[in-house]
Amino acid sequence: MMLEHVLILSAYLFSVGLYGLITSRNMVRALMCLELIFNAVNINFVTFSDFFDCRQLKGALFSIFIIAIAAAEAAIGLAIVASIYRNRKSTRLNQSNLLKK
């Protein structure tokens with residue numbers, strides 16, 4: 001696959017994730033858009049690693065670390081969302097003012 005095609009795919013994923021993150025009112029949707037951004041970065045790491053230095057796996061190793069961090073972020077983020085939903089009965093970002101009682 002050509003480098004340009006993969007970079008266009010990665011830019012598309014990144015822009016969809018960024019747009020969704022900016023316009024999202026739901027916490028779960030915001031977390032999913034953040035995962036899209038992480039996956040776009042992973043695609044870039046693996047592509048550039050393969051394109052510039054195919055004998056070393058530095059891009060793949062960075063991607064594995066990012067996947068591990070994204071999994072931890074998803075687990076902790078969903079636990080926080082579940083806790084907020086249990087207390088506030090809403091997962092909307094504009095209704096979750098945690099400083100007010």
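**Exercise 1.** In which helix is the place of S63, and is S63 buried or exposed?

*Solution.* Start with the source: this is a predicted model, in which local features need pLDDT of at least 70, side-chain atom pairs count only at pLDDT 80 or more, and totals for chains, interfaces and linings use all residues. Residues are numbered from 1 along each chain as its sequence is written, and side-chain values use heavy atoms, with hydrogens and water left out.

Step 1. S63 sits in helix α3; helices are DSSP runs of H or I with at least four residues, numbered from the N terminus.

Step 2. The relative accessible area of S63 is 6%, so S63 is buried (under 20%; exposed is over 50%, partly exposed in between, with a 1.4 Å probe and protein chains only).

Step 3. Leaving aside neighbours within four places in sequence, S63 is in contact with N42, F45 and V46 (contact means heavy atoms within 4.5 Å).

**Exercise 2.** Describe how α2 and α3 pack.

*Solution.* Step 1. Helix α2 covers residues 27–52 and helix α3 residues 58–88. Their axes are 9 Å apart, at an angle of about 175° (axes are lines fitted to C-alpha atoms over the stretch in contact; angles run from 0 to 180 degrees between N-to-C directions).

Step 2. The two helices α2 and α3 are therefore roughly antiparallel (an angle over 145 degrees).

Step 3. Their contact holds 17 nonpolar, five polar and three charged residues (nonpolar: Ala, Val, Leu, Ile, Met, Phe, Trp, Tyr, Cys and Pro; charged: Asp, Glu, Lys and Arg; polar: the others, Gly among them).

Notes:
Angles under 35 degrees count as roughly parallel, over 145 as roughly antiparallel, 65 to 115 as roughly perpendicular and the rest as oblique.
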